[in-house]
Amino acid sequence: MKSFCTLGDAAGGFLMSAPPRSVLTAILWLGARTHPAVSMMLILVFLAAWIKGASDG
């Protein structure tokens, strides 16, 4: 478990804080119903916001 914490810290710490379940559900729901390009853009925007939020905190 200690190695997992070390790996998470090395990756910037954003892997250690999980996003809310409702956000993941919304991404999966929208991704299944939209064009693949829109789905990929949504995932990239979410990932960028998640990483930025983890580094601010």
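1. Confidence by element. Helix H1 (residues 2–10) has the lowest mean pLDDT among the elements of the protein chain, at 61. Helix H2 (residues 21–33) has the highest, at 83. pLDDT is the predictor's confidence in each residue, from 0 to 100. Helices here are DSSP runs of H or I with at least four residues, strands are runs of E with at least two, and numbering starts from the N terminus.

2. Basis of the values. This is a predicted model, in which local features need pLDDT of at least 70, side-chain atom pairs count only at pLDDT 80 or more, and totals for chains, interfaces and linings use all residues. Residues are numbered from 1 along each chain as its sequence is written, and side-chain values use heavy atoms, with hydrogens and water left out.

3. Overall confidence. The average pLDDT of the protein chain is 74. A score of at least 70 is reached by 61% of the residues. Where pLDDT is low, the predicted coordinates should not be read in detail.

4. Fold content and surface. The protein chain has 3 helices and 0 strands. Along the sequence the pattern is α-α-α. Of its 57 residues, 9% count as buried. Buried means under 20% relative accessible area, exposed means over 50%, and partly exposed lies in between (1.4 Å probe, protein chains only). The chain exposes about 4,500 Å², and carbon and sulfur atoms supply 73% of that area. Accessible areas come from the Shrake-Rupley method with a 1.4 Å probe; for residues, only the protein chains shown count as cover.

5. Nonpolar patch. Met40, Ile43 and Leu44 make a nonpolar surface patch of about 280 Å². Patch residues have over 30% relative accessible area and no salt bridge; like charges are joined within 9 Å, and nonpolar side chains (Val, Leu, Ile, Met, Phe, Trp, Tyr) within 5 Å. A salt bridge is a side-chain nitrogen of Lys or Arg within 4 Å of a carboxyl oxygen of Asp or Glu. Ile43 sits in helix H3 (residues 36–56). Its relative accessibility is 36%, so Ile43 counts as partly exposed. Met40 also lies in helix H3, and is partly exposed at 46%.

6. Ser39 is in helix H3. Ser39 counts as buried because its relative accessibility is 15%. Ser39 touches Gly31 and Thr34 (heavy atoms within 4.5 Å), leaving aside residues up to four places away in sequence. Trp29 belongs to helix H2 and is partly exposed, at 49% relative accessibility. The C-alpha atoms of Trp29 and Ser39 are separated by 9.9 Å.
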